[in-house]
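Good morning, and thank you for joining. I will present one structure, beginning with a helix and a sheet and ending with the domains.

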Amino acid sequence: MARATAPARKALTTAIAGTLAFVMFFPILWIVVLSFKSEVDAIRAPLQVLSSGWTLDSYGAVQERSDYFKHFWNSVIISLGSTFLGLLVAIPAAWAMAFVPGKQTRNVLMWMLSTKMLPPVGVLVPIYLLFINFGLLDTRIGLVVVLMLINLPIIIWMLYTYFREIPGEILEAARMDGASLREEVLYVLTPMALPGIASTILLNVILAWNEAFWTLNLTASRAAPLTAFIASYSSPEGLFYAKLSAASVMAIAPILIMGWFSQKQLVRGLTFGAVK
Amino acid sequence: MRLRNATVAATAIALVTGGSAVAEDLTIATVNNSDMIIMQKLSPQWEEATGHTLNWVVLEENVLRQRVTTDIATKGGSFDIVTIGAYEAPIWGKQGWLNALDDLGDAYDYADIFEPVRNGLSADGTLYAVPFYAESSFTFYRTDLFEKAGLEKPAEQITYDQFAEMVAQLHDPENGVYGTCQRGKAGWGENMAFVGPMVNAFGGRWFDMEWNPTIDSPEWKAAITYYVDLMNNYGPPGASSNGHNENRALFADGKCATWVDATSAAGYIFNPNESSVADKTDFFQAPKQVTDKGTGWFWAWALAVPSSSTKVDAAKEFLAWATSKDYVTLVGESEGWVAAPPGTRKSTYENAAYVEAAPFAKTVETSILAANPADPTKDPVPYTGIQFVAIPEFQGIGNYVGQQIAAALAGQQSVDQALANSQTFAVREMTKAGYIK
């Protein structure tokens with residue numbers, strides 16, 4: 001009896017998981033569908049949308065009006081730059097907290113996390129004023145620094161969790177063999193934590209790529225990334241659904257492809273140390 | 001010799017255009033709509049003629065408003081030209097955030113701009129933004145459905161009661177046609193743009209002469225009850241999530257018999273490539289009720305130069321070009337006359353080519369000239385603005401009231417509850433801002 005129910009239950013679980021996955025993926029699928037429709041067809045009822053003709057016009061119109069590659073390169077530089085700058089700060093910080101914890105380590109970690117609880121708009125004006133004074137408005141370096149600071153708590157927390165899984169004795173052995181602190185972190189700790197570091201990089205690149213509040217508020221034209229590219233097709237007066245969808249597909253495609261190929265790594269990294 | 005000739009020619013051009021001698025790199029922030037896209041498309045001609053370059057920042061209206069406000073208030077100087085509406089122009093002008101634009105030269109022909117438009121963009125008699133296009137509101141209706149129901153186009157402005165009777169006869173949901181489509185999506189620029197003039201028509205007002213909110217008055221109750229009943233009985237399902245765009249799509253797809261909305265949407269509805277009802281649509285004035293004051297709204301998208309810009313001369317040169325009579329002609333000739341920026345200049349409406357291409361031209365002109373933001377209500381008010389109140393606090397109050405009315409429309413609360421909540425909120429905000437002692 002048990003044998004008979006197991007496959008049925010498995011099929012049911014698979015069906016539920018498949019349905020949930022489809023529901024979650026549906027908005028993206030619908031954006032892709034609309035991006036290949038004309039503006040007039042894109043606003044019709046769903047069944048009429050599917051049965052109407054397909055066209056690449058929206059992609060052509062978007063490319064003609066906006067410089068996609070300028071925005072794309074800005075997104076690449078800002079997301080990679082902020083992630084690697086974040087790692088430079090976070091690896092030593094996480095090392096210290098994981099291997100030489102002090103009395104306040106736990107509190108410091110919680111305090112760092114608490115900065116994520118503040119609504120960003122609450123600090124918009126002070127940060128805007130700082131950007132004006134340092135001449136950082138509409139610069140990529142300014143965004144790299146801000147996004148690094150915003151994602152830093154997550155980077156440190158993730159690395160801290162991975163580092164704690166690594167036995168301290170191994171680092172101790174390296175020290176006894178005469179490794180300096182730099183060598184210990186670079187040649188012993190980092191290679192062992194590589195899966196964790198890789199998934200931290202992936203997650204932070206995705207977070208930085210999708211960040212819309214700061215990238216919209218601190219840029220104008222020169223440093224504007226793909227979030228600004230999408231925003232330029234949104235309008236409460238006028239029909240731009242097809243073009244907005246095409247712009248969205250062009251903006252999310254690179255990160256979607258990257259996520260697709262690295263999903264194994266991402267899942268492995270995120271569940272690293274989950275089972276003890 | 002050649003060098004001397006070239007120098008003389010360049011000097012002459014600079015003197016004639018009154019332009020800045022140095023080629024400047026200007027950043028312009030604007031909204032995403034058809035007229036602005038045309039401006040962006042044609043602007044290389046201006047860049048070529050003047051040597052200046054333009055960097056475009058195109059954002060959704062609300063994002064743009066927040067982005068530009070932050071930048072101007074902190075003197076960030078990110079933008080040299082900004083696109084603002086009739087709501088911001090007088091407020092920001094008064095606050096010293098914008099450069100005065102009274103000096104664009106005789107050739108600009110200020111007298112050619114419609115007076116209500118000029119007044120709507122001025123504060124204390126000074127013009128702070130120049131109009132790119134302007135709109136009022138009127139009623140779009142389907143001529144074929146009117147004919148089928150034995151109705152005739154009203155010769156004079158009808159009342160909302162007559163409008164409801166008309167809509168009842170046209171309502172045919174079995175055949176996919178709803179009697180009326182009106183804005184229901186919450187927001188001061190969405191549902192309140194329709195509700196505001198309707199409240200005016202019912203004799204209501206936002207504030208009395210002492211700035212006390214009057215949202216719990218019988219006039220407001222009559223207007224909102226009418227609105228909720230009208231939409232529940234004859235509107236499309238889910239009306240509380242329909243804004244301008246959704247209704248525009250529904251009307252263009254033949255799903256609505258009537259629609260009271262922006263005159264600027266006429267170009268779209270009358271374009272057969274984008275609308276399936278282009279040859280069976282006509283229009284009449286937005287309805288009145290106990291008064292005909294403030295029954296059609298007034299809105300303009302305009303260009304302004306923030307006081308934080310360091311390239312004021314070059315920015316003004318662009319403004320003088322993009323809002324000139326010549327620009328209207330340029331759009332008419334290159335994009336088709338129906339696409340010419342409407343509602344700003346008398347000369348556009350005197351142009352036979354435009355009047356022929358745009359059958360709605362005369363009605364739009366009448367609606368805009370009839371709109372008087374300085375006298376929008378039956379009883380006197382201390383504010384200007386028809387569908388909005390030109391004070392900084394209105395944005396928050398308008399959004400809140402919009403949410404309450406949308407909730408009443410969706411059946412989540414009663415009209416009384418919505419108005420009571422709105423009144424409490426408005427009183428609190430106005431007290432906090434110091435209007436009520």
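Helix α3 of chain B, residues 61-73, lies across β1, β2 and β3 of chain B, and α3 runs at about 135° to β1(B). Helices (H or I, at least four residues) and strands (E, at least two) are DSSP runs, numbered from the N terminus. Axes are lines fitted to C-alpha atoms, for helices over the stretch in contact, with angles from 0 to 180 degrees between N-to-C directions. Contact between two residues requires C-beta atoms, placed from the backbone, within 7 Å.

This is a predicted model: local features need pLDDT of at least 70, side-chain atom pairs count only at pLDDT 80 or more, and totals for chains, interfaces and linings use all residues. Residues are numbered from 1 along each chain as its sequence is written, while chains are lettered from A and ligands numbered from 1 in the order in which they are written.

In which order do the five strands of the open sheet stand? In chain B the order is β2-β1-β3-β10-β6, with mixed pairing; two strands pair if DSSP finds at least two bridges between them. Strands β2 (53-59) and β6 (130-135) of chain B are at the edges with a single partner strand each, so one side of each has no neighbour in the sheet. From one strand to the next, the twist averages 20°. Within chain B, β1 (residues 25-31) and β3 (residues 81-85) run parallel and are joined by two bridges. Ile28(B) stands opposite Ile81(B) in β3(B).

Finally, the domains. An automatic or database assignment sets the bounds: chain B comprises domain 1 (2-135 + 299-357) and domain 2 (137-297 + 373-432).
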